Amino acid sequence: MPTSAVNLNNIDLIIKARWIIPVVPANRVLENCAIAIDKGQILALLPHEEADRRYIARETVTLSSHVLIPGLVNAHGHAAMSLLRGYADDQPLHTWLNDHIWPAESRWVSEDFVRDGTELALAEMIKSGTTCFADMYFYPEQAAQACLDAQVRCQLAFPILDFPTAWGMGPDDYLNKGLSLHDNFRGNHLINIAFGPHAPYTVSDTPLHKIAVLAQEMDMPIHIHLHETAQEVSDSLAQYGRRPSQRMMDLGLLSPLTQCVHMTQIDETDIKLLQESGAHVIHCPESNLKLASGFCPVDKLLRGNINVALGTDGAASNNDLNLFSELKTAALLAKAVAGNAAALDAHSALRLATLNGAKALGMEDVIGSLEVGKSADITAVDLGDLAMQPVYNPASQLVYTHAGNAVTHVWVEGKVLLANRLLQTLNEREVLGKANWWRKQITAL
């Protein structure tokens, strides 16, 4: 069991729990152990009694029926779209986008919309155990401020499209604003900025190639919707004579910096490109199911040594941001697609939502597992509920029951964001009030 090399008597925090699933080492469950934390970092994982002997903590939290896990990483979403939750349900993707969502965004998206919608999303994610998320949406500077206020870790991909939106006039304008945002948050420990070309069908070759060059020069991630529908692939073949992934590869866009969101329509040539490039796949099973977009072959990708992370997508197409719910769906769907009940077992599924997500976002040295020296981004889940009894395997309970509803505590860098199910950095009443105000505005017309 790992312990710190230096014995520090006075530290900030000790969290004692019934179980700890550190994710690294893999498939390990520690029993009756504690996490020692100081200055936002993990100092040691050790038995309760040893923690008492070695450390004097300013605060000790004892969770006798809980499991501690790394804070969940939601690797894809559109946070502000929480204000459009349920607005245009039961539509195929292109109808949903073209006839409903984009017109609504044209009418309503503003700095206030993004700030209020992001706060709603943050509140929901914190209460269901997410400590880090990747976002792609307009006015990312507003999302950044909301994350700083709530003390949530994030990757904000500034959107890039060929056409004007509320946030910009075209590719050059989006890039200028986004790179300025990157400069503003350079070195910030919570806010990370990425390129966000929306999709192959909304961004042409010239800006995509420019993004590829800049990303390599600046070592910045690229977050892009890719191979989301069969129509996207057929349209690309008709227009470019190539599948979208091959076009992205030819433009230099696929690399270890690239996060490919969805990837529901892929064949062996796409898998080979992912392997050659080192690009990551972000799996959003519930959104893909709801929009009937297709099935990402997660088990095949993992067996091909391709990193797969997990995302909820936006609440307008999911309709929740509960990553534990996504975990269960991902595990069940992987088994059905692979025709193998052993595919994506509980520990592997949990890795998708923690360390694999951190790796996709380039943050695996900081978060994603409970290891000495990493940031104390931690989620506590109470397994004492009736619907979780008896507990034979804590990892299975986390993946196959409604664990998101059992989250009681959340820490980021050792700072508590949720304590006994109560938000600490957001005012829940205010968040709800703003959401209700926006509903009234949007439905008034």
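The following dialogue explains how to read several features of this predicted model.

User: How is the protein chain divided into domains?

Analyst: Domain bounds come from an automatic or database domain assignment. Here domain 1 covers 9-70 + 369-413, and domain 2 covers 76-361. Their C-alpha centres lie 29 Å apart. The contact (heavy atoms within 4.5 Å) takes 31 residues from domain 1 and 25 residues from domain 2.

User: How much area do domain 1 and domain 2 bury between them?

Analyst: The size of an interface is often given as the accessible area lost when the parts come together. Buried area is that loss for two parts, calculated with a 1.4 Å probe and summed over both. Domain 1 and domain 2 bury about 2100 Å² between them, and 63% of this lies on carbon and sulfur atoms.

User: How many salt bridges and polar contacts cross the interface of domain 1 and domain 2?

Analyst: A salt bridge is a side-chain nitrogen of Lys or Arg within 4 Å of a carboxyl oxygen of Asp or Glu. The rule finds 2 salt bridges across this interface. A polar contact is a pair of N or O atoms within 3.5 Å; within protein, one must be able to donate a hydrogen and the other to accept it, and residues adjacent in sequence count only if both atoms are side-chain atoms. The interface has 5 residue pairs in polar contact, both residues being at pLDDT 80 or more.

User: Are aspartate 12 and arginine 58 buried, partly exposed or exposed?

Analyst: Buried means under 20% relative accessible area, exposed over 50%, and partly exposed in between (1.4 Å probe, protein chains only). Aspartate 12 is partly exposed at 25%, and arginine 58 is exposed at 63%.

User: Where do the partners lie in the salt bridge of lysine 434 and glutamate 119?

Analyst: The side chains of lysine 434 and glutamate 119 meet at 3.3 Å, N to O. Lysine 434 lies in helix α16 (residues 428-444) and glutamate 119 in helix α3 (residues 111-127), so the pair ties together parts 315 residues apart in sequence. Lysine 434 is partly exposed at 31%, and glutamate 119 is buried at 10%.

User: What surrounds isoleucine 20?

Analyst: Isoleucine 20 lies in strand β1 (residues 10-20) and is buried, with a relative accessible area of 0%. Not counting residues up to four places away in sequence, isoleucine 20 touches residues including Val29, Leu45, Val67 and Leu370.

Definitions and conventions. Residues are numbered from 1 along each chain as its sequence is written. This is a predicted model: local features need pLDDT of at least 70, side-chain atom pairs count only at pLDDT 80 or more; totals for chains, interfaces and linings use all residues. Side-chain values use heavy atoms; hydrogens and water are left out. Helices (H or I, at least four residues) and strands (E, at least two) are DSSP runs, numbered from the N terminus.
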